[in-house]
Every structure is written in structure tokens, then in C-alpha cells.
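Hi everyone, thanks for making time for this.

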Amino acid sequence: MHLHGYLGIPAGGGRHPGMVMIPGLGDRGRPERVIEGARRGFLSLCCDLRGQGKAKGSPPDVVAIYLFSTPESHHVVGCVGDVLRGIELLTQRPEWDGEW
């Protein structure tokens with residue numbers, strides 16, 4: 001599974017509050033979104049959800065298979081996991097100040 005995104009880091013160094021932007025289904029992450037977030041002083045992440053933009057694949061999720069019976073709900077559970085992974089990635093950045 002490969003997810004694609006853009007990370008915007010404010011100029012001038014230091015630590016900054018984080019912002020994770022999630023495009024709607026059918027849309028994709030756009031670099032101009034993180035550029036604007038960084039200009040406003042946020043460590044900004046905008047990522048494609050699975051199957052959108054440059055993200056590739058939608059691997060099976062064993063937990064979702066048992067919890068949900070429709071392919072649509074299974075995909076949504078995977079997208080939620082993608083968002084959580086983006087948050088995790090942002091919180092591991094040394095530029096993040098622990099605030100949202």
C-alpha cells in the first residue's frame with residue numbers, strides 16, 4: 001500500500017502546531033493547500049486517501065471484513081486508517097509542537 005501526500009513546513013524553523021487536511025472522495029492532495037497552511041504557521045499535511053490521486057491500492061483489512069458487510073463501508077474503514085496514519089506521521093515530525 002502506497003499513500004501519497006504533501007508536507008508543508010513553515011519557514012524560519014522552530015516548532016509549529018499541526019494541521020492534517022483530508023480531501024473529499026474523488027479529490028486529491030494538493031501542494032497549494034500545504035503551502036497556504038505553512039504560510040499561516042502550521043506544519044501541514046495533505047494526503048490522498050486510498051484509491052484517490054496518487055495513492056495506490058486498497059489492501060484487505062481483516063478487522064473491517066468481520067465488522068462490516070459492504071465493500072463501501074470496508075473502504076471507509078481503510079480511509080479512516082489512512083487519516084490516522086497521517087496524524088501519526090505528523091506527530092513524529094520534530095517540527096510539531098504538540099498542538100493542533
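Before anything else, a word on what I'll be calling a helix: a helix here is a DSSP run of at least four residues, H or I, numbered from the N terminus. Keep that in mind for Gly41, which comes after helix H1 and has a positive phi, near 95 degrees. And please remember that this is a predicted model.

Okay, the overall layout. The protein has three helices and three strands. Going from the N terminus, the order of the elements is β-β-α-β-α-α. Of the 100 residues, 31% are buried. If you take contacts between residues at least 6 apart in sequence, 71% of them join residues at least 24 apart.

Now the sheet. In our case three strands make an open sheet, ordered E1-E3-E2, with mixed pairing. E1 and E2 are at the edges with a single partner strand each, so one side of each has no neighbour in the sheet. On average, neighbouring strands are turned by 10 degrees against each other, if you ignore direction. E2 and strand E3, residues 43–47, run parallel and are joined by four bridges. To find that pairing on your screen, look for Met19, which stands opposite Ser44 in E3.

What packs on this sheet? That would be H1, which touches E1, E2 and E3, and its direction makes about 165 degrees with that of E3.

Let's stay with H1 for a moment. Which of its residues are buried? They are Val34, Gly37 and Ala38. Looking down the axis of H1, these buried residues fall within an arc of 100 degrees, so they line one face of the helix. The cover over them includes E1, E2 and E3.

Arg39 is also in H1, which spans residues 31–39. Is Arg39 buried or exposed? Its relative accessibility is 66%, and the cut-off for exposed is over 50%, so Arg39 counts as exposed. The C-alpha atom of Arg39 is separated by 8.6 Å from that of Ile9, although the two residues are 30 apart along the chain.

Next, a residue in a loop. His16 is found between strand E1 (5–8) and strand E2 (18–21). With 12% relative accessibility, His16 counts as buried, because buried means under 20%. So what does His16 touch? Leaving out residues up to four places away in sequence, the list is Pro10, Gly41, Leu43, Glu95, Trp96 and Asp97.

Which element gives the most? H3 does, with four residues.

Key:
Residues numbered from 1 in each chain as written. Predicted model: local features only at pLDDT ≥ 70, side-chain atom pairs only at ≥ 80, totals over all residues. Heavy atoms only, no water. Helix = DSSP H or I, 4+ residues; strand = E, 2+ residues; numbered from the N terminus. Buried < 20%, exposed > 50% of the residue type's maximum accessible area, 1.4 Å probe, protein only. Contact = heavy atoms within 4.5 Å. Pairing = 2+ DSSP bridges. Axes fitted to C-alpha atoms, helices over the stretch in contact; angles between N-to-C directions. Arc of directions from axis to C-beta.
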